Amino acid sequence: MNSERVWAEVLELLKLRVNPQAFQTWLAPTRVFNMVNGTVQVAVPNNFFADWLQHHYRNEIANALKAVTGRDLQIEFLVPADVKVRPAVTPQPTVSAQPTVNGASQFKLKSRYTFETFIVGESNRLAWAAARNVAQNLGKVFNPLFIYGGVGLGKTHLIQAIGNAALTSHPGLRLCYTPAEVLFLELIQAIEKNTRLEFKEKYRGLDLLLLDDVHYLVGKESLQEEIFYTFNALQDAGSQVVFTSDRPPKDIPTLQERLISRLGSGLVVDIQPPELETRVAILLQRAKQENFELSEDIACYIANRVRSNIRTLEASLVRLIAMHSLTGRPVNAELAEAAIKDLIQHDDPLDPTRVINQVAEHFQVPVPELKGTSRTKRVALARQVAMYLMRNVLNLSLKDIGFHFGGKDHTTVMHAIEKINGLKSRDPMFASQIERISRLINNH
Ligand code: ADP
Ligand code: MG
């Protein structure tokens, strides 16, 4: 593979692993300069970029390079004088067609990110309800609203849905949606150009501030300070603020100290990885949006393989559609598997087959029997242990767990978990065996 091709693949992988805004801002402008003696030289627009990538994305890039080339390569960031790299210190957000904030540019809200297209399940119900409530009662309930959850679980969708809904009911609303990363760049520029006052004014004149990915503020004191004061000013003026983050406020140390007193009137909600049912519903909805006929079987198949990230779930579908239309191959499990294969990391920590294999080995029960219907005592106990571990180690929903055992009912799964809990508390030997199996699963 030539180096350009390698870099294109690396970027494809990174696109799935870092948030889209960060990707656009920091990774899209890079290109490979040279690949010699186990070192990849990456051309970047300026030194600030080189520093930034070095500190924030080096590991991600190294992992992606390894996935593509199978080798551990050194990475060097270069600012080649004679090489044209798209300069992109100023992020190039799509300038909104909507009213701009005090004449400044703002990010356009995606029209697809609405409450109507947001599939609700146990994993995200609270966040969804809180977001809807906030959109309908700007500045009156839960201010600020703080939504947190892992990558690709719908935070950006939800925060933008608030913006879309609020704009529909109040067309003149002064709102701004921005990723914290971009706010940070803007602040740096304001400092450089001595326009800090304008920067302040721009944000303080808002009715609704939607600040995405504030975990970005970890370690960035100047921006935290700015946001803290802006937030206070907004809240005092009765404006609504919504934050999203990949972690709860208590894990953003300095932010928490300052905000904690103010969070009293607010609400912190989390989004958990979606359960099987929600994943299937999301796939079916996406297929419909793409005018693609997707059977529930195949949706289930994909949803069972891609569990922890909705962005990857959607990417799998897009690939399936592309592969089907390009090759004419029928849409079946085989094609679905081919579409998914490169998208999911092989070290996915949430792998139910790992539980099944460990339990099968421990109890000396063949895997098909474990997953089957045999009621012999040993097999039944092993199966119950596997269900218990899927719940406790992998955090799968009862329904998801049932699926791995030939579609067993969630009450059967619940009964199994209760039984193992009971056995563990009565029998310390048994408890330590379970402990051992779960360690093996985790350390794999
Ligand atoms: P995050 O900001 O948490 O990383 P995003 O909001 O970007 O995640 O979501 C990733 C993708 O998954 C988006 O295309 C989004 O529309 C979709 N998505 C996430 N959650 C849902 C949901 N509950 N229903 C429908 N689509 C969803
Ligand atoms: Mg996001």
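The model is predicted, so local features need pLDDT of at least 70 and side-chain atom pairs count only at pLDDT 80 or more, while totals for chains, interfaces and linings use all residues. Residues are numbered from 1 along each chain as its sequence is written, chains are lettered from A and ligands numbered from 1 in the order in which they are written, and side-chain values use heavy atoms, with hydrogens and water left out.

**Ligand 1**

- Ligand 1 is surrounded by 19 residues, the closest being I119, G152, H157, R311 and E314; a residue is near a molecule if one of its heavy atoms lies within 4 Å of it.
- A polar side-chain atom of R311 lies 2.7 Å from an oxygen atom of ligand 1, and a backbone N or O atom of L153 is 3.2 Å from an oxygen atom of the ligand.
- N124 brings a polar side-chain atom to 3.3 Å from a nitrogen atom of ligand 1; for reference, a polar contact is a pair of N or O atoms within 3.5 Å.
- Taken alone, ligand 1 exposes 560 Å², and the protein buries 97% of that; accessible areas come from the Shrake-Rupley method with a 1.4 Å probe.
- Two or more residues of the shell come from each of α6 (155–169), α11 (276–289) and α13 (310–327); helices are DSSP runs (H or I, at least four residues), numbered from the N terminus.

**Aromatic rings**

- The whole structure holds eight aromatic pairs; rings of Phe, Tyr and Trp (its six-membered ring) pair if their centres lie within 6.5 Å, with planes under 30 degrees apart counted as stacked, over 60 as edge-to-face and the rest as tilted.
- F228 and Y229 make an edge-to-face pair, at 5.5 Å centre to centre and 65 degrees between the planes.
- F228 counts as buried because its relative accessibility is 9%, whereas Y229 is partly exposed at 40%; buried means under 20% relative accessible area, exposed over 50%, and partly exposed in between (1.4 Å probe, protein chains only).
- W26, F49, W52, F184 and Y216 are linked by ring pairs into a cluster.
- K220 lies over the face of Y216, 4.5 Å from the ring centre, and its charged end also sits over the ring of F184, at 5.6 Å from the centre; a charge sits over a ring if NZ of Lys or CZ of Arg is within 6 Å of the ring centre and within 35 degrees of the ring normal.

**I340 in helix α14**

- I340 belongs to helix α14 (residues 333–341) and counts as buried because its relative accessibility is 0%.
- Although I340 and V306 are 34 residues apart in sequence, their C-alpha atoms are 7.9 Å apart in space.

How values were computed:
A polar contact is a pair of N or O atoms within 3.5 Å; within protein, one must be able to donate a hydrogen and the other to accept it, and residues adjacent in sequence count only if both atoms are side-chain atoms.
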